[in-house]
Amino acid sequence: FNFASAGAQTVPAISYGTITNSGNGNRTLASSGTIGIAGDFSAGSGSYTVTGSTVAYNGTGPQSASSLTYENLTVNNSAGVTLAGASAVNGTLTLTSGAVTMSSDTLTIGTAGAVTRTAGWVAGPLKKYIPTGTSSRTFEVGDASVYAPVVVAFTSVTTAGNLAITTTGTDHPDIANSGVSAGLSANRYWTLAPNGIAFGTYDATFNFDPADVDVGADPTSFIVDEYTGGAWTLPATGTVTSTSTQATGLTAFGDFVTGISAA
């Protein structure tokens, strides 16, 4: 489907190979129903009305899409979808299969938005809204090939804001100076970046894949170390499993690693 005209046009709720906006006019993505896209989506420079629509990337090979704000977005492609810039989902992001790779910037879930997951994840920064009071959020993040989500539970949030989380599938570049043994760790780190949140404390559970763990390391003995402002600190360790480590009573954000204590 090609938007060749500079005038207003509407994409009906049916399936397409690719969608290209070469005319760059104002566009409407169907006011209801699902627009299936098996190829790429080139949004062009026109503005989009998205209310009520669902865009479903459902191809069988790697797909790419321009930066866009979606009402609802479904990703059902084991080969994955790359979003080529800052994107947002105001309604529901449905992760059925495959990674959503952010080539740059962040995927933002709107204030009233939600994520439902069967499989798949966001490979790149995923931003969610944190309301006042007590709340818990799961951040469905991973790297190019591994799902490594974070669960963050806040107490006493007095100013609502946003939190973005990403994970990198290598040891932290400064892990040698941390309280974790570089050779007995999960070979990844997580970055938590806030925007406007005022709170008391929070707990964070960092999930990793068994393949991340160094040979000889016992993940049930892992601790978490935090890197903030150029310095490492050791928060209290909460619940530990063979694939996750929890840090409790956190008061700051930054980079986090998990592994056997180097002490």
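The model is a predicted one, in which local features need pLDDT of at least 70 and side-chain atom pairs count only at pLDDT 80 or more, while totals for chains, interfaces and linings use all residues. Residues are numbered from 1 along each chain as its sequence is written, and side-chain values use heavy atoms, with hydrogens and water left out.

**The whole chain**

Switch to a cartoon. The protein chain has 0 helices and 30 strands; these are DSSP runs numbered from the N terminus, with helices being H or I of at least four residues and strands being E of at least two. The radius of gyration is 20 Å, close to the 18 Å given by the globule rule for 263 residues, so the protein chain is as compact as a globular protein of that length. That radius is taken over C-alpha atoms, and the rule is 2.2 Å times the number of residues to the power 0.38. The C-alpha trace spans about 65 × 40 × 30 Å along its principal axes.

Next, colour by charge. There are 6 positive and 15 negative side chains, and the centres of the two sets lie 14 Å apart. Lys and Arg count as positive, Asp and Glu as negative, and His and the chain ends are not counted.

**The cores**

Of the 263 residues in the protein chain, 48% are buried, where buried means under 20% relative accessible area, exposed over 50%, and partly exposed in between (1.4 Å probe, protein chains only). Select Phe154, Leu163, Leu192 and Tyr202: these have the most contacts inside the largest nonpolar core, which has 59 residues. Such a core is a set of buried Ala, Val, Leu, Ile, Met, Phe, Trp, Tyr and Cys residues joined through side-chain atoms within 4.5 Å. Strand 21 (residues 150-157) gives this core its largest share, 4 residues. A second, separate core has 6 residues, including Ile175, Val180, Tyr189 and Ile223.

Now centre on Tyr202. Beyond its neighbours within four places in sequence, Tyr202 is in contact (heavy atoms within 4.5 Å) with residues that include Val152, Phe154, Leu192, Leu250 and Phe256.

**The loop between strands 23 and 24**

Go to Asn187, in the loop between strand 23 (180-185) and strand 24 (189-195). Asn187 is partly exposed, at a relative accessible area of 22%. Its C-alpha atom is 4.9 Å from that of Thr170, which is 17 residues away along the chain. Among the contacts of Asn187, leaving aside neighbours within four places, are Thr168, Gly169, Asp171, Asp212 and Asp214.

Select Ala186, which lies in the loop between strand 23 and strand 24. Ala186 is buried, with a relative accessible area of 1%. Not counting residues up to four places away in sequence, Ala186 touches Asp171, Phe208, Asp212, Val213, Phe222 and Thr258.

**Three further stops**

Ser145 is in the loop between strand 20 (133-139) and strand 21, and at 59% relative accessibility Ser145 counts as exposed.

Ser156 is in strand 21. Although not a glycine, Ser156 has a positive phi of about 55 degrees, and its relative accessible area of 46% makes it partly exposed.

End at Asp105, in the loop between strand 15 (99-102) and strand 16 (107-109). Asp105 has a positive phi of about 65 degrees although it is not a glycine.

Methods:
Charge placed at Lys NZ, Arg CZ, Asp CG, Glu CD.
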